[in-house]
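Trainee: Could we go through this one together? I'd like to learn where the labels come from.

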Amino acid sequence: MKEPYHHAILPCGKVIIGLHQTTYFNYPAITYLGIDTPMRIQQLKDNGLKNFSEVAGKSNLDLKTWEG
């Protein structure tokens, strides 16, 4: 879609992946929405992923990968 900015929303059953090109992010951004998101975030942390930043609450986190 082109409005309100270039983006794609890809639903596949239990999760939704979003690809966004917006002024909110100054980098390519992929979003993930799913069932039990707080539990899934905790699993990622328990498995060693670090450097999360909260964005408007515990269920909205930002994680920049090694390539930025």
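Trainee: Where is the place of Leu-33?

Mentor: Leu-33 sits in strand 3. A strand here is a DSSP run of E with at least two residues, and a helix is a run of H or I with at least four, both numbered from the N terminus. This is a predicted model, where local features need pLDDT of at least 70, side-chain atom pairs count only at pLDDT 80 or more, and totals for chains, interfaces and linings use all residues. Residues are numbered from 1 along each chain as its sequence is written, and side-chain values use heavy atoms, leaving out hydrogens and water.

Trainee: Why is Leu-33 called partly exposed?

Mentor: Buried means under 20% relative accessible area, exposed means over 50%, and partly exposed is in between (1.4 Å probe, protein chains only). Leu-33 has 48%, so it is partly exposed.

Trainee: And what makes Ile-41 buried?

Mentor: Its relative accessible area is 11%, and under 20% counts as buried. Ile-41 lies in helix 1, residues 37–46. The C-alpha atoms of Ile-41 and Phe-52 are separated by 9.6 Å, with the two residues 11 apart along the chain.

Trainee: How do you know that strand 2 and strand 3 pair?

Mentor: Pairing requires DSSP to find at least two bridges between two strands. Strand 2 (residues 15–21) and strand 3 have six bridges, in the antiparallel sense, so they pair. Within strand 3, Tyr-32 stands opposite Ile-17.

Trainee: What makes strand 1 and strand 3 edge strands?

Mentor: The open sheet has three strands in the order 1-2-3, with antiparallel pairing. Strand 1 (6–11) and strand 3 (29–34) each pair on one side only.
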